[in-house]
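Trainee: I would like a close look at one part of this model. Please take me through the ligand surroundings and the aromatic rings.

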Amino acid sequence: MTAAIYIETYGCQMNLADGELILGHMTSHGYVRTDDPEAADVILLNTCAIRERAEERVIGRLTDLARLKTRRRDLVLGMCGCMAQHHRAALIARVPALDLIVGPDAYRRLPTLLEAARLARTTNARDRDAPAVARTGAEVNPLVDVRLDPDETYADLPTARTPGSVRAWITIIRGCDKFCTFCVVPYVRGRERSLPAESVLAEVRAAAANGAREVVFLGQTVNAYRDGDCDLAALLRRAAEVPGILRLRFTSPHPADVSLELVRAMAEVPAVAPQIHLPVQSGSDAVLARMERGYTIADYRALVARLRDAIPEIAFSTDVIVGFPGESFADFDATYRLLEDIGYDHAFLFKYSARTLTKAARWEDSVPEDEKNRRLAHVIALQEKISATRNRRWIGRPVEVLVEGPARRSPDCVAGKTPQFTTAVVAAAAAPGTRLWATVTGATAHTLLATPIEAPEYAPGGRAPRAA
Ligand code: 5AD
Ligand code: SF4
């Protein structure tokens, strides 16, 4: 009998891409996907360990889902992803109903692991009157596979892409070698390894055939990508040749390793969107040094200037951590001023949370929680203002929108992204994947409102219209 699998993913885009990879792998092993946990034979939570809050959400959700087991005793409840790797021992204690714990390098073995876990559950279900400790199998001893494998890229596994999806997220490099002192990623995802360029290009072609018009290359340090002579810049140039692909993006590059070649590819290849996520983390050189980020604020500003010079209307986004150990008010103020100066279109703002295994976790978490909250609230309020101002600059100008589908709150409008990755809601009817032009009539901190127009001959800030 076919079994139904339900996957719920937390965390970053790479994790979402891993969710698609797991689904593709499991469906090729006879499982069917379900979007309803109540209808599932197997429930997998694909988790994130980057910050404490992400972990607390997952524990809460797991505890909820574990209740389904009172009705469905053969249900298998598993957890995969970074948190599975990071906290397996604590997890077993906190969520005894877990049957399976699988790290990010063990997905190839999931069909076998799930079969074993399901067998254990079926045995338990038959033996339901026995006391829990006497029952054999996973409820007492979850199956655990968290071996990190420095060679695993999953290059040959099928990916289950959502049919008709306009944007495809394609992982091109896994792991991270940077060891920033706050970050758990190198410990839970292991060393950097790039996928072969040919597999990436085959994925791009498959995504285009499946209806994707935009591709986002993913990696924790995506600009560390290398397969022989092919670096990220070369890969972007090659992917731009794939028929049907209108836009290319990549995330997240490390600011210390943005090469001139990459800037050149962004400037020269029309399909590469004028947008970059450039995590700065802090505006203070002292904090950056303790974070071991490998650049100073002067380096970072020089990079921003080079990108602005080469790519007209480039949009910047960033990640910032406030309350890092030892962050003085002056350090925080430097971050605040940097946000003002650079004028990011968007920023992901976090308060520091200590992650075991990392270097910073051994230092005193010196900024009190309420002060961290205050600093976070300050930068959030500032960024809202900046994003609103950045978006207002488009009012009255034409933008190119790649339509993704109906707008959520205005059914007679469509929504999509501009080349700068800003959401635009356009008063028009158009199929997903259509590229249209529109004049911006209004803007909030998060969205542009626009009305459709004919493609302009010259569009400042957009790209010259190209044949699809
Ligand atoms: N505490 C807070 N934020 C963190 N990030 C990574 N580790 C931590 C941590 N321990 C943030 C960084 C990174 C983003 C993905 O998450 O800003 O760029
Ligand atoms: Fe974490 Fe730094 Fe690697 Fe990014 S570059 S994943 S912040 S260790």
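How many nonpolar, polar and charged residues does the shell around ligand 2 have?

Mentor: Bear in mind that this is a predicted model. The shell around ligand 2 has 7 nonpolar, 3 polar and 2 charged residues. Its members include Cys176, Cys180 and Cys183, along with Phe179, Phe182, Val185 and Pro186. Lys178, Gln220, Thr221, His254 and Arg293 are also in that shell.

Now ligand 1. The shell here has 5 nonpolar, 2 polar and 4 charged residues. Among them are Arg51, Asp319, Lys351 and Arg355.

Look at the polar contacts next. Arg51 places a polar side-chain atom 2.7 Å from an oxygen atom of ligand 1. In the side chain of Gln281, an N or O atom is 2.7 Å from an oxygen atom of the ligand. Phe182 uses its backbone: an N or O atom there lies 3.0 Å from a nitrogen atom of ligand 1. Taken alone, ligand 1 exposes 410 Å², and the protein buries 87% of that. Two elements give two or more residues to this shell: β15 (315-322) and β16 (346-351).

Elsewhere, Lys417 lies over the face of Phe421, at 4.6 Å from the ring centre.

On to the rings. A pair of aromatic rings is described by the distance of the centres and the angle of the planes. The count comes to 8 aromatic pairs. One of them joins Phe324 and Trp363, edge-to-face, with 6.1 Å centre to centre and 90 degrees between the planes. This pair links distant parts of the chain, 39 residues apart. Phe324 is in the loop between β15 and α12 (329-342), and Trp363 in the loop between β16 and α13 (369-392). Phe324 has a relative accessible area of 0%, so the residue is buried. Trp363, at 32%, is partly exposed.

Compare Phe329 and Phe332. Their ring centres are 5.7 Å apart and their planes are at 55 degrees, so this pair is tilted. Both residues lie in helix α12, 3 residues apart, about one turn of the helix. Phe332 counts as buried because its relative accessibility is 2%.

Last, the cluster. Ring pairs link Phe182, Phe324, Tyr352 and Trp363.

Note on methods:
Residues numbered from 1 in each chain as written. Chains lettered and ligands numbered in written order. Predicted model: local features only at pLDDT ≥ 70, side-chain atom pairs only at ≥ 80, totals over all residues. Heavy atoms only, no water. Near = heavy atom within 4 Å. Nonpolar A, V, L, I, M, F, W, Y, C, P; charged D, E, K, R; others polar. Polar contact = N/O pair within 3.5 Å; in protein donor to acceptor, adjacent residues only side chain to side chain. Areas by Shrake-Rupley, 256 points an atom, 1.4 Å probe, with all protein chains shown as cover. Helix = DSSP H or I, 4+ residues; strand = E, 2+ residues; numbered from the N terminus. Phe/Tyr/Trp six-rings, centres within 6.5 Å; stacked < 30°, edge-to-face > 60°. Buried < 20%, exposed > 50% of the residue type's maximum accessible area, 1.4 Å probe, protein only. Lys NZ or Arg CZ within 6 Å of the ring centre and 35° of its normal.
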